[in-house]
Amino acid sequence: MVAMKMDAFLMETEFKDMLARQGLTLDRGENRTLQINVGYRCDLACRHCHLAAGPTRGELMTRATMQAVIAYARRGGFQVADVTGGAPELVPDLDYLLTGLAREVPQVMLRTNLTALEDDRRGHLLEICRQLRIVLVASFPAVTAAQVDAQRGQGVWSRSVAMLHQLNTLGYGLPDSGLELHLAANPGGAFLPQGQAAAERQFRRELAGRLGLAFNHLFIFANMPLGRFRTWLEQSGNAQDYMGKLTAAFNPQAVDGLMCRSLVSVAWDGILYDCDFNQAANLPMGGVRRHINEMDGPPEAGSTIATGRHCFACTAGAGFTCGGEIAA
């Protein structure tokens, strides 16, 4: 009964109704970013994960699909390639994908949970990232060990801090190094994040002052009511209240800059979506299921973007307007 109630609450028409009441439309502009989800396997099983990624997930991008992605990046004329997961580091041939993308787009980003980088078998990956000047976007949800471990698992705080020190040693996050290291944070429960500017000041003060860590920028986002976080909302009785908070915080000024207007998302199997969140919601790009090999180029400007009630998480407060262009 809970799942059925939540499904009705996530109906697409309600977000569209909000846009209509505000006199707004949500369609594509210039497509700058190609986001690539290489699979749902992860060494962690975080409570907030919209994909329910974890160690037992078997969905992984093959080398053949990576070749198709690289070819699409070439013919699509994208400015940014944003590689995400799961934990991308756990996917075989990730170095092949990064190297191929770096030849085709001006900027390549790799999202990391930090812990998946610490395995000695992946030491070469850090060197490849350094050589190719891959932008790293690291998940780091809070500035205390208790908060991080509660959300991501026992011991994750200390492992993450150790990896950030290692990245700083390589030059990542340091002034004038040309090696960008950004942090991405999210709340630990069914509440909205604090303002981004205040959060960045707090993170910089705590991480630099207490731990001697450097980073370029912090980006803080609302949790998406999908995947494992949706399950937690339902089981804890917070689903309706949280969705109410997201809806009440709708910011019409955030719509114009939403990442889905300039981003194409490719799943591990080559199917296209308007964003990684729609992938989790099984809403294909424009509502039509298409494979990357079917596309001659990026979708046309003005084309339809598929939406659901989860989209309210992207328009709450400052909104989810950076997405695949965090470092652009």
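Predicted model: local features only at pLDDT ≥ 70, side-chain atom pairs only at ≥ 80, totals over all residues.
A residue counts as partly exposed when its relative accessible area lies between the limit for buried, under 20%, and the limit for exposed, over 50%. With a relative accessible area of 33%, arginine 130 is therefore partly exposed.

- Strand S2 spans residues 80–84, and because five of its five residues are buried, the strand is largely enclosed by the rest of the structure.

**Strand pairing and crossovers**

- Strand S1, made of residues 33–37, pairs with S2 in the parallel sense over five bridges, and within this pairing threonine 33 stands opposite valine 80 of S2.
- Strand S3, made of residues 107–112, also runs parallel to S2 and is joined to S2 by four bridges, with glutamine 107 of S3 as the bridge partner of valine 80.
- The chain passes from S2 through helix H4, residues 94–104, to S3 in a β-α-β crossover that is right-handed.
- A right-handed β-α-β unit is likewise made by S1, helix H3 (residues 63–76) and S2.

- Glutamate 104 and arginine 74 meet through their side chains in a salt bridge, with a distance of 3.3 Å from N to O.
- Because glutamate 104 belongs to helix H4 and arginine 74 to helix H3, this pair ties together parts that are 30 residues apart in sequence.
- Glutamate 104 has a relative accessibility of 23% and so counts as partly exposed.

**Salt bridges within single helices**

- In helix H5, which covers residues 123–132, arginine 130 and glutamate 127 lie three residues apart, about one turn of the helix, and their side chains meet in a salt bridge of 2.5 Å from N to O.
- Glutamate 127, at 29% relative accessibility, counts as partly exposed.
- In helix H8, which covers residues 196–211, arginine 204 and glutamate 200 are four residues apart, again about one turn of the helix, and they form a salt bridge whose closest N and O atoms are 2.7 Å apart.
- Arginine 204 counts as partly exposed at 31% relative accessibility, whereas glutamate 200 is buried, with a relative accessible area of 18%.

**A salt-bridge network**

- Asp27, Asp256 and Arg261 are linked to one another in a network of salt bridges.

Technical notes. Residues numbered from 1 in each chain as written. Heavy atoms only, no water. Buried < 20%, exposed > 50% of the residue type's maximum accessible area, 1.4 Å probe, protein only. Helix = DSSP H or I, 4+ residues; strand = E, 2+ residues; numbered from the N terminus. Pairing = 2+ DSSP bridges. Right-handed = clockwise from strand over helix to strand, strands pointing away. Salt bridge = Lys/Arg side-chain N within 4 Å of Asp/Glu carboxyl O.
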